[in-house]
Amino acid sequence: MSSKTALVTGATGLLGRQVVKAFKDGNWCVRGTRYSRAADESSIFKVDLLKDDQVAAVLDKVKPQVVVHCAANRFPDVCDKDPRAARAINVEATKMLASLCAPRDIFLIYISTDYVFPGRPGEAPYEADAKPEPTNLYGQTKLDGERAVLGEYQEAEKAGLGVVLRVPVLYGNAEFPAESAVNILMDTVYRAQEPGAKIKMDHWALRYPTNTEDVGRVCRDIAAKYLDSDDPSKLPYILQFSSEDKYTKYEICQVFGEIMGMSIAAIEPNTEGNDPNASVQRPYDCHLSTKALKDIGIDVSTQDFVGWWRWHVKAYRK
């Protein structure tokens, strides 16, 4: 059995599944936590991340060298509808997890988001040390989670063992399309084939869809880099990973339509940007610089967006 053990929170989710796979592929012993989703594997434990006794118990049972914290409320509209629940999982559970990992000398990777930045035209790409300024509650809760992790490790005098990894919108192998804000657009293209369909689609905000397999690999490489370091406190505390593929949601629909051989004539591009009266304001362009990862020798290559979908689209044919 491998002497290296990783624990992945949210292990049954869109990203968590690929993080688990990446560590297994690297010959790690991998365990995971889940809450609401079923899991057949005995290596996935049901844990309420808001209860410190349950979290402490799984840490002491698994004894991981690394925890990758994927569990989150990651949909901006859902966060806005229930701010208390969003803060509970994105901030309070994160702070508590960090407070339990730090004194156990566990390396913690906290998955954050590009939405910590305002995304004003002309500002991107954002370096890891750029000033955060979230435009919505989701981004604010993830930023607060970042600060909680770094703060707990600083307080425990374990700086460098707790790091932040920001990523943009994700896509990949999904159990159902709504798991991903990208995958769900395939359903939109199908709906556009219905008689009388008329769908407005954002053609303003720029997005950089990044594959969950690539994020999983990067998490594993970060873990290896920091655990092998004689002094991880000299390595960056905030890292960023992103594809360079750039699309609006409407352009993603165009790609899917072309791949599937379907017309998107019923999908109307909306270039108006944010409705000033909308409760959730989305950034225009939050493209993340990957310089901090490159500087420490981490491979930041990504799968080609169109190529991946051409290969995997058979799973979406109906």
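User: Where is Lys 63 found?
Analyst: This is a predicted model: local features need pLDDT of at least 70, side-chain atom pairs count only at pLDDT 80 or more, and totals for chains, interfaces and linings use all residues. Numbering starts from 1 along each chain as its sequence is written, and side-chain values use heavy atoms, leaving out hydrogens and water. Helices (H or I, at least four residues) and strands (E, at least two) are DSSP runs numbered from the N terminus. Lys 63 sits in the loop between α2 (52-62) and β4 (66-69).

User: Is Lys 63 buried or exposed?
Analyst: Buried means under 20% relative accessible area, exposed over 50%, and partly exposed in between (1.4 Å probe, protein chains only). Lys 63 has 57% relative accessibility, so it counts as exposed.

User: What is phi at Lys 63?
Analyst: Most residues other than glycine have a negative phi. Lys 63 is not a glycine, yet its phi is positive, at about 50°.

User: What is phi at Asp 105?
Analyst: Asp 105 lies in the loop between α4 and β5. Its relative accessible area is 46%, so it is partly exposed. Asp 105 is not a glycine either, but its phi is positive, about 60°.

User: Which residue does a cis peptide bond join to Ala 124?
Analyst: Most peptide bonds are trans. Here omega is about 5°, and the bond is cis. Ala 124 is joined to Pro 125.

User: What is the relative accessible area of Thr 113?
Analyst: Thr 113 is in strand β5 (residues 107-113). It is buried, because its relative accessible area is 4%.

User: Which residue's backbone nitrogen does the side chain of Thr 113 reach?
Analyst: A polar contact is a pair of N or O atoms within 3.5 Å; within protein, one must be able to donate a hydrogen and the other to accept it, and residues adjacent in sequence count only if both atoms are side-chain atoms. The side chains of Thr 113 and Asp 114 make one at 3.2 Å. At 3.0 Å, the side chain of Thr 113 also reaches the backbone nitrogen of Tyr 115.

User: Which residues does Arg 220 contact, leaving aside neighbours within four places in sequence?
Analyst: Arg 220 is in helix α7 (residues 212-228). It is 198 residues from Ala 22 in sequence, but 6.6 Å away in space, C-alpha to C-alpha. Contact means heavy atoms within 4.5 Å. With those neighbours set aside, Arg 220 is in contact with Ala 22, Phe 23, Asp 25, Gly 26 and Trp 28.

User: How are α4 and α5 placed relative to each other?
Analyst: Axes are lines fitted to C-alpha atoms, for helices over the stretch in contact, and angles run from 0 to 180 degrees between N-to-C directions. Angles under 35 degrees count as roughly parallel, over 145 as roughly antiparallel, 65 to 115 as roughly perpendicular and the rest as oblique. α4 (residues 83-101) and α5 (residues 137-155) pack at about 15°, with axes 8 Å apart. The two are therefore roughly parallel.

User: How are α6 and α8 placed relative to each other?
Analyst: α6 (residues 184-191) packs against α8 (residues 249-260) at about 65°, with axes 9 Å apart. That angle makes α6 and α8 roughly perpendicular.
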